[in-house]
Amino acid sequence: MAVGFDLYCQLLKQAVAQLKGDKLQLRLDVDLRLDFVATNEAEFVQQPKSSAREADSFARKIPAFIPNIFISDAALRIKAYREVAEITTHDQLDRLRRDWRDRFGRFPAAVDNLFLLTEIKLAAAKSGVSRVEVRERKLMLTRHEDFILVAGKFPRLVAAGIEQYLGEILELIKRL
């Protein structure tokens, strides 16, 4: 049985916390599948360049990752991703944002979006949502294996630009 490195680290951390008698903080169990988000630099760089006419095209994606220019050291970048993956509270998220701003400076859009994805996961977990999926501007939320419908259908993202979709998703989830 293969266990991913992140899961192994999380299990190890939980075991150590349990041995110390600390309260266990479980990882957020929210699946994000957003067709308009590039979660790694290679995917973002390789996407087709869009013209003004194609600006609303579903082929275009926004970045949500830690760019090489922000944290150039690969080992440090891996550690940073682990820190993001281990966030389970808004306090931890705020603390990480402050730490990174002090250490690395102003955030590029990709890092801001990565933090927004984490906020979405926190809000979804609080609302009992286990999956947040967007396909062709349709927001499909799942709770207890059932889709959450608004007025009998999936809500559509209506923000003027693709850059505002994450904020719109966050607000919709907070209203659940």
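This report describes the fold, the helix packing and the nonpolar cores of one predicted protein model.

## Basis of the model

The model is predicted: local features need pLDDT of at least 70, side-chain atom pairs count only at pLDDT 80 or more, and totals for chains, interfaces and linings use all residues. Residues are numbered from 1 along each chain as its sequence is written, and side-chain values use heavy atoms, with hydrogens and water left out.

## Overall architecture

The protein chain contains 6 helices and 6 strands, where helices (H or I, at least four residues) and strands (E, at least two) are DSSP runs numbered from the N terminus. Their order from the N terminus is α-β-β-α-β-α-α-α-β-β-β-α.

Of the 176 residues, 38% are buried, that is, under 20% relative accessible area, as against exposed at over 50% and partly exposed in between (1.4 Å probe, protein chains only). The chain exposes about 11,100 Å², of which carbon and sulfur atoms supply 53%; areas come from the Shrake-Rupley method with a 1.4 Å probe. Among contacts (heavy atoms within 4.5 Å) between residues at least 6 apart in sequence, 60% join residues at least 24 apart.

## Packing of α4 and α5

Helix α4 (residues 90-104) packs with helix α5 (residues 109-126) at an angle of about 170 degrees, their axes being 10 Å apart. Axes are lines fitted to C-alpha atoms over the stretch in contact, and angles run from 0 to 180 degrees between N-to-C directions. The angle makes α4 roughly antiparallel to α5, a class that covers angles over 145 degrees. On the α4 side, the contact is made by His-90, Leu-93, Leu-96, Arg-97 and Trp-100; α5 contributes Val-111, Phe-115, Leu-116, Thr-118, Glu-119 and Leu-122.

Thr-118, in helix α5, is buried, with a relative accessible area of 6%. Beyond residues up to four places away in sequence, Thr-118 touches Val-84, Ile-87 and Leu-93.

## Nonpolar cores

A nonpolar core is a set of buried Ala, Val, Leu, Ile, Met, Phe, Trp, Tyr and Cys residues joined through side-chain atoms within 4.5 Å. The largest has 25 residues, and those with the most contacts inside it are Leu-34, Phe-36, Val-37, Val-132, Leu-166, Ile-169 and Ile-173. At least two residues each come from α5, β4 (131-135), β5 (138-143) and α6 (165-174), with α6 giving the largest share, 6 residues.

Leaving aside residues up to four places away in sequence, Val-37 touches Glu-43, Lys-61, Ile-62, Ala-64, Leu-117 and Leu-166. A second, separate core of 15 residues includes Leu-28, Phe-70, Phe-107 and Val-111.

Notes: Parallel < 35°, antiparallel > 145°, perpendicular 65-115°, else oblique.
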